[in-house]
Amino acid sequence: MDTLNILLMGFISIVIINNLVFTKFLGICPYLGVSGRIDMAFGMGLAVTFVVTLSGTLTWLIDHLILLGTPLEVTRYVCFILVIAGAVQLVEMYLRKFFPVLYESFGIFLPLITTNCAILGLCLFINLWGIDNLLEAVVLSFGAGIGFTMAICIMAGIRENLNLADVPQCLKGAPITLITAGLLTLAFMGFAGMIR
Amino acid sequence: MANNAQTPLETQGKKSLTGQTTTSLYKQTLLAGLWRENPVFRLLLGMCPTLAVTAAVKPALTMGLSVIFVLLCSNIVVSLMRKLLKPHLRILMFTLTIATFVTIADLFLKAFVPRMSETLGPYVPLIIVNCIIICRAEACASKNTLVVSIIDALGMGAGFTLTLCVLAGIREILSTGAVWEVNILPAGFVPWAAMSMPVGAFITLGLLLGLVNVTTKRNAKT
C-alpha cells in the first residue's frame with residue numbers, strides 16, 4: 001500500500017505539479033514547433049511518451065547496474081544519449097514498418113525526438129533525485145511522457161483557436177505562442193505545493 | 001523549426017564561389033550569428049536553456065560561455081571529420097562528439113565553480129541536446145572548412161550569449177532590482193516575484209521577440 005501511494009504521488013507530481021514543460025522548461029522546441037494541430041500534437045506526445053518510458057528505464061538500469069561506483073561514471077552523458085538515440089531509431093523503424101501513414105506525417109520531427117530535451121532531462125532528473133527503485137523510475141518516466149502529451153495537446157487546442165483571434169501583427173507566430181505558454185504556466189502554478 | 005536554419009548559410013557558401021573575397025565572407029559569418037541569424041531571436045533554437053537559466057545574469061553568462069566552448073570544439077571536430085561522415089550515421093556522430101565536450105565542460109564547472117554548477121544543475125548536461133549546436137554542426141561545420149566553422153561557432157555562440165544576458169538582465173532587474181547582484185534600482189522598488197518564475201521567462205521572451213519583429217519590419221521599410 002505504501003509503495004503504491006509513493007508511486008501514485010510520484011506520477012501525479014510529475015504530470016501536473018512538476019510538469020517538465022511548465023516548470024523545468026524541457027521539450028520547449030517541439031512544444032512550440034509541433035503544437036499547430038491537435039492530432040499531430042497528440043501523435044508527437046505518444047511517440048515521446050514511448051521513447052521517454054523506454055529510455056528512462058534503460059538509463060536507470062545502465063546507471064545502477066553498470067556505471068554507479070565505477071570510474072566509468074564520467075561517460076554517463078554519452079551513454080544516456082546513445083540509449084536515447086537507439087530508442088528513437090527503434091520507434092522510427094517500428095512506425096515505418098507498421099504505421100507508414102503516421103510515419104510520413106511526422107517527417108523530420110521523428111528523428112528530432114533524439115534532441116528533445118524532455119527525454120535527456122528526465123533521465124538526468126531521475127539520476128539527480130536519487131531514485132533508487134526501478135518501479136519508481138518507470139512510473140516517473142511514463143508520467144513525464146503523459147505530462148508532455150497533456151501540455152502539448154492543451155497548447156495545440158489553444159493555438160487552433162488563436163488562429164481565429166485578432167493578434168497584433170508583430171506578435172503573430174512565435175511571440176504570441178510564448179506569451180500563451182507563459183499564461184498556461186501561470187495557471188499550472190496553482191498546483192504548486194499540492195504534494196509535499 | 002530547425003530545418004529553416006540551413007538555407008541562409010548555404011546561400012552564403014554559394015556567394016563565396018562567385019567571387020566574393022574570403023575576408024568579407026568571414027566577417028559576414030561572424031556577424032550573421034550576432035543579429036541576422038541570431039539563434040534565439042531569429043531561428044528560435046535552444047529555447048530550453050534560454051528560458052531556464054535566465055533568472056539572473058551570472059548563471060546566464062556561465063551558460064553562454066559553456067555553450068561557446070562546446071560549440072567551438074564540436075564545430076572544429078565535425079569540420080575536421082566531415083569527409084569521413086556517412087550520411088545515416090552523421091547525427092549520431094554529432095551527438096557523441098557534443099556529449100564528450102559537454103562532459104568536459106560539466107566536469108570543469110564542477111571543479112572550479114562548484115556553486116554555479118549547482119545552480120545550473122542538469123541544464124549543463126542538457127547542452128548536449130541544445131539544438132543550436134547540432135544545427136551548426138549539420139548546417140555549417142559538416143559542409144565548410146575549418147576556419148569558417150570556427151568563425152561561425154564564435155559568432156553564433158556570441159549571439160546566443162548576448163541574447164541570454166539581455167533576457168537575464170531584464171528579468172533580474174524586475175525580479176530583484178539588481179544586476180549582477182548589485183542593486184541599481186531605488187529602495188522603494190517593489191520586486192516583481194513573477195519575473196523570476198517560469199511565467200516571467202515565457203512572457204519576457206515573447207515580448208522581446210515581438211519587439212525584434214517590429215524593429216526588423218521598420219528596417220525593412222526604410
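Modeller: Handedness first: a crossing is left-handed if the near helix is turned anticlockwise from the far one by less than a right angle, and right-handed if clockwise. This is a predicted model, so local features need pLDDT of at least 70 and side-chain atom pairs count only at pLDDT 80 or more, while totals for chains, interfaces and linings use all residues. Residues are numbered from 1 along each chain as its sequence is written, and chains are lettered from A and ligands numbered from 1 in the order in which they are written.

Let's start in chain B, where helix 4 and helix 7 make a right-handed crossing. Helix 4 of chain B covers residues 57–80 and helix 7 of chain B residues 131–141; their axes come within 10 Å and cross at roughly 30° (axes are lines fitted to C-alpha atoms, for helices over the stretch in contact, and angles run from 0 to 180 degrees between N-to-C directions). On the helix 4 side, the contact uses Val70(B), Leu71(B), Ser74(B), Asn75(B), Val78(B) and Ser79(B). Helix 7 of chain B answers with Ile132(B), Ile133(B), Arg136(B), Ala137(B) and Ala141(B). (Two residues are in contact if their C-beta atoms, placed from the backbone, lie within 7 Å.) The residues of this contact split into seven nonpolar, three polar and one charged, where Ala, Val, Leu, Ile, Met, Phe, Trp, Tyr, Cys and Pro are nonpolar, Asp, Glu, Lys and Arg are charged, and the others, Gly among them, are polar.

Now for the chain around that pair. Chain B has nine helices and two strands (DSSP runs numbered from the N terminus: H or I of at least four residues for helices, E of at least two for strands). In sequence order, chain B reads α-α-α-α-α-α-α-α-β-β-α. Its radius of gyration is 18 Å, close to the 17 Å that the globule rule gives for 222 residues, so chain B is as compact as a globular protein of that length (the radius is taken over C-alpha atoms, and the rule is 2.2 Å times the number of residues to the power 0.38). Along the principal axes, the C-alpha atoms of chain B fill a box of roughly 60 × 50 × 30 Å. Of its 222 residues, 42% count as buried (buried takes 20 or more other C-beta atoms within 10 Å of a residue's own, exposed 12 or fewer, partly exposed in between, with C-beta atoms placed from the backbone). For contacts in chain B between residues at least 6 apart in sequence, 76% join residues at least 24 apart.

Over in chain A, helix 4 (residues 38–67) packs against two partners. With helix 5 of chain A, the axes come within 9 Å and cross at roughly 145°, again right-handed. Helix 4 of chain A puts in residues including Phe50(A), Leu54(A), Leu58(A) and Ile62(A), while helix 5 of chain A brings, among them, Phe80(A), Val83(A), Ile84(A) and Val91(A). That contact comes to 14 nonpolar, two polar and two charged residues. With helix 7 of chain A, the axes of helix 4 come within 9 Å and cross at roughly 35°, and this crossing is right-handed too.

Chain A as a whole has nine helices and zero strands. Its radius of gyration is 18 Å, close to the 16 Å the globule rule gives for 196 residues, so chain A is as compact as a globular protein of that length. Buried residues make up 46% of chain A. How confident is the predictor in chain A? The mean pLDDT is 84, and 97% of its residues reach 70 or more (pLDDT is the predictor's confidence in each residue, from 0 to 100).

Finally, the two chains meet: the contact takes 36 residues from chain A and 34 residues from chain B. On the chain A side, helix 9 gives the most, with nine residues. That side divides into 28 nonpolar, eight polar and no charged residues.
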